[in-house]
Structure formats: C-alpha cells, structure tokens
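These are my notebook entries on a single chain. I record below what I looked up, item by item.

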Amino acid sequence: ATLPVLGNILIKAENKKVYFAATNLEVSITTSAEANVKNEGAITVPAKILTAYTSLLGKNDEVELAVESGTDLSIKSKSSKTKIKGISADEFPEIARVESGAKLELKSKDFKAAMDQVAFSAQENASRPILSGVYLHATGNELRLAATDSYRLSEKFLKLDTEAKTTTCVIPVRAVLEADRLSGGAEAIQITISDNQAMFTLGGTELTTRLIEGQFPDYQQIIPKKSATQVLVARDELELAVRRVSIFAKENNQHMKVELQSDSTMVVYTDATEIGEERTTIPVKLEGEANIIALNADYVLDVLSALSDEKEIRIELDGKLSPAVVKAPKADDFIHLIMPLKM
C-alpha cells in the first residue's frame, strides 16, 4: 500500500535476454528469457494485469515489447496491440543476490517431497515469528529440516548431492512454499545461505528471502524416547475414518479420540455432539499394550496427506499425555509429532 511499485513486475531488456523480477521486500523472484533485444531498457507494470494478459496468449505466440512515453508498455502480437500503464523502473527496489555463503545442492524431487512433509507444520502468521519458518541444519552430506507451530512438529532428513559446511538457519515458510512451487521446472536446486539471506536457484530462476532471526525451539527434547504401543495401520482406511469423524468433530473443535485395543483394532471416534457422532473400527498390527489418546482430527489428516505415497503408516503412543508419533514404516528419515488434547 505504501509502495505501489511493489505490486509491479520489473521487465528489463539487457544483452540478449529479458529479465523479470518481483518483490515484496521480504521475498524476491527473478527469472529471464531469451529475446531479440533491439534497445536495452526497463519498466515496471502491474503484476495482476500482466499475468491476466499473458494467460490469454498462445504458447507459441511471439510478442514485441516496447516502452512508449516513458512509462507505457506496448505489447504487440500477431493479432493484437496492447498498452499497459506502468511505473518507472527507477522506483523499483534493488534486488540483492546472495553471492557467497554455505551452498546446499539437492535434487528438486527430494526437496519437493521434503517440503510436502515438513512445511505444513509451520504457522505462517505466528505470533512468534520463529514458528513461521522452516529450520535447516546442514552438516556434511546431511540436511535436517523441521517445522512446528507448537501443537505439532515435522522433522525430515535429506542427503545432499555435495558435502556442505555446517550451517543453520530458519527460512520463512512462505518463501519455502514458493520455492517448492517453482521447483517443478528444475532437476536440481541450490540453496545459498548467508548471514541474513538465503537464495534458491532453480534452473534460470532465483528466489531470495530474508532469514528469520532468533533461536528455533529445541524440539529434540520433546520427541519421545520410548513408546508403550506401536501400530501399523492402512493409511487409506485411517484417512476415511478420520474424515468421517471430522464431520461431527467440527462441533467440538476437531476433538477426536483414537483407542488402540488389545484385540488389534483401532477405534476412531468422537463424543456425541449436537449434530451426531461417529465411531469407526479398523484392524491394525499391534505391538505393546492397549492405549488411548485425544487428537485434533485436522492435524491427523494433514500428516496423512503428507504421507500420501505410503500404504501403511506407523503410530507410536506412550500414553494420553505424551505426543503421538507418526512415521513411514519403511523409512527412518521422517517423524511427525502431534500434541495430545485433554481427554
């Protein structure tokens, strides 16, 4: 609102490329395209108008861009001539690149899978800013990612393509999700981390973000070291049961009970509400003693969605006062905790 130019995209013609950039002063994205540049120059135009216009162009349409009258962008295609009023490029903030720092390299598909399993646990508009970020800790060939909103926690381990020096930072979840969205068009991703910024390089696109200052919670101490009960349950069956319970649990702040019984069954149910109640029994593979816990149904659905490729999931309980631990049964690189609700 205070800087209208932040609602614009910078278009700059230079050498044999056209560069595009956008920023909100926290996160910046730049990319480029090959072009026949006749005269170098730059202008900014409203992002909403430009993206609406380009969505109506054919994939193979050639367009000619030209700046007219100082701040008007003329766009000519085979069948149309368009003029968009812009703002001088001189008013656009300078976007700094992260030239030096710790460099992490990994496959885009691994990064995307990890973000799907971690980022949802962060709280984007948290009252504690540190909880609105994803924690990164790299050492050697290993990268540890974590996120928490204090009610749930995700932790994921990844192997890096090249060895990295030890580094730790917290990246805003909004920037991480944007990098995740952009990663589909690149085979590999490089993350360069400086003292107060991080830059994701994905093919010819760069995303730069400020880091979140502060100390990330020492979450290792809340991960249960033991469990009285362990079960393997079919992911799809559990998801259906929780979705049915969720219909009625909405009347009770998504309060849902999970009871593991000695006859190797899991009962998922909600207490009677004004609109009704639901109770589903699922066969499971049980190790240990019978147990019961109350959980937020939405949180359970979120982690089941994050593990959508798994046929079964592993749940570990130590009692109604300890966090529920959710894992993929055949991998030890992911762990998710959900804090219990009062019974």
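**Entry 1: a polar side chain.** I began with the side chains of Gln230 and Ser227, which are joined by a polar contact of 2.9 Å. The model is a predicted one, and side-chain atom pairs are counted only at pLDDT 80 or more. I placed Gln230 in strand S14, which runs over residues 229–234. Is Gln230 buried or exposed? I found a relative accessible area of 14%, and because the limit for a buried residue is under 20%, Gln230 counts as buried. I then listed the contacts of Gln230, leaving out residues up to four places away in sequence. Those contacts are Lys285, Leu286, Glu287, Arg314, Ile315 and Glu316.

**Entry 2: the chain as a whole.** I counted five helices and 22 strands in the chain. The C-alpha trace spans about 80 × 50 × 35 Å along its principal axes. Of the 343 residues, 45% count as buried. I also looked at contacts with a separation of 6 or more, and 64% of these are between residues 24 or more positions apart.

**Entry 3: helix H4.** I checked the length of H4, which covers residues 235–249. At 1.5 Å a residue, its 15 residues should span 21 Å, and the end C-alpha atoms are 20 Å apart, so the two values agree. Which residues of H4 are buried? I noted Arg235, Leu238, Glu239, Ala241, Val242, Val245, Ser246, Phe248 and Ala249. The elements that cover these buried residues include S14, S15, strand S16 (265–269), strand S17 (279–283), H5 and S20.

Entry 4: I followed the chain into the loop between H4 and S15, where Lys250 lies. Lys250 has 58% relative accessibility and therefore counts as exposed, the limit being over 50%. I also looked up the separation of Lys250 from Thr273, which is 23 residues apart from Lys250 along the chain. Their C-alpha atoms are separated by 9.1 Å.

Entry 5: Rolling a probe the size of a water molecule over the atoms shows where empty space is left. I found one cavity of 30 Å³ or more in the structure. The largest cavity holds about 130 Å³ of space. It is lined by 17 residues, and those closest to its centre are Leu238, Val258, Leu295, Val300 and Ile315. Which elements each supply at least two residues of this lining? I recorded H4, strand S15 (255–261), strand S19 (291–296), helix H5 (297–306), strand S20 (312–317) and strand S21 (324–327). By class, the lining of the largest cavity has 17 nonpolar, no polar and no charged residues.

**Entry 6: the largest pocket.** I next turned to open space. The largest pocket has a volume of about 1400 Å³. Of its 49 lining residues, Ile11, Val18, Phe20, Leu50 and Leu65 are the closest to its centre. The elements giving two or more residues to the lining include strand S1 (8–14), strand S2 (17–23), strand S3 (27–34), helix H1 (47–54) and helix H3 (173–182). S3 supplies the largest share, six residues. I sorted the lining by class into 27 nonpolar, twelve polar and ten charged residues.

**Entry 7: the second largest pocket.** This pocket has a volume of about 410 Å³. It is lined by 21 residues, with Lys12, Tyr19, Phe20, Ala21 and Thr30 closest to its centre. S1, S2, S3 and strand S13 (205–210) each give two or more residues to the lining. Which element gives the most? I found that S3 does, with five residues. The lining divides into ten nonpolar, six polar and five charged residues.

**Entry 8: positive phi values.** Asn15, in the loop between S1 and S2, has a phi near 55 degrees. Asn15 is exposed, with a relative accessible area of 55%. Leu25, in the loop between S2 and S3, has a phi near 80 degrees. Leu25 is partly exposed, with a relative accessible area of 40%.

Notes
Residues numbered from 1 in each chain as written. Predicted model: local features only at pLDDT ≥ 70, side-chain atom pairs only at ≥ 80, totals over all residues. Heavy atoms only, no water. Helix = DSSP H or I, 4+ residues; strand = E, 2+ residues; numbered from the N terminus. Buried < 20%, exposed > 50% of the residue type's maximum accessible area, 1.4 Å probe, protein only. Polar contact = N/O pair within 3.5 Å; in protein donor to acceptor, adjacent residues only side chain to side chain. Contact = heavy atoms within 4.5 Å. 1 Å grid on protein atoms, 1.4 Å probe; cavity = no way out; pocket = protein on both sides within 12 Å on 5 of 7 lines; lining within 4 Å. Points joined across faces, edges and corners; volume = space filled by probe spheres on them. Nonpolar A, V, L, I, M, F, W, Y, C, P; charged D, E, K, R; others polar. Expected span 1.5 Å × (residues − 1).
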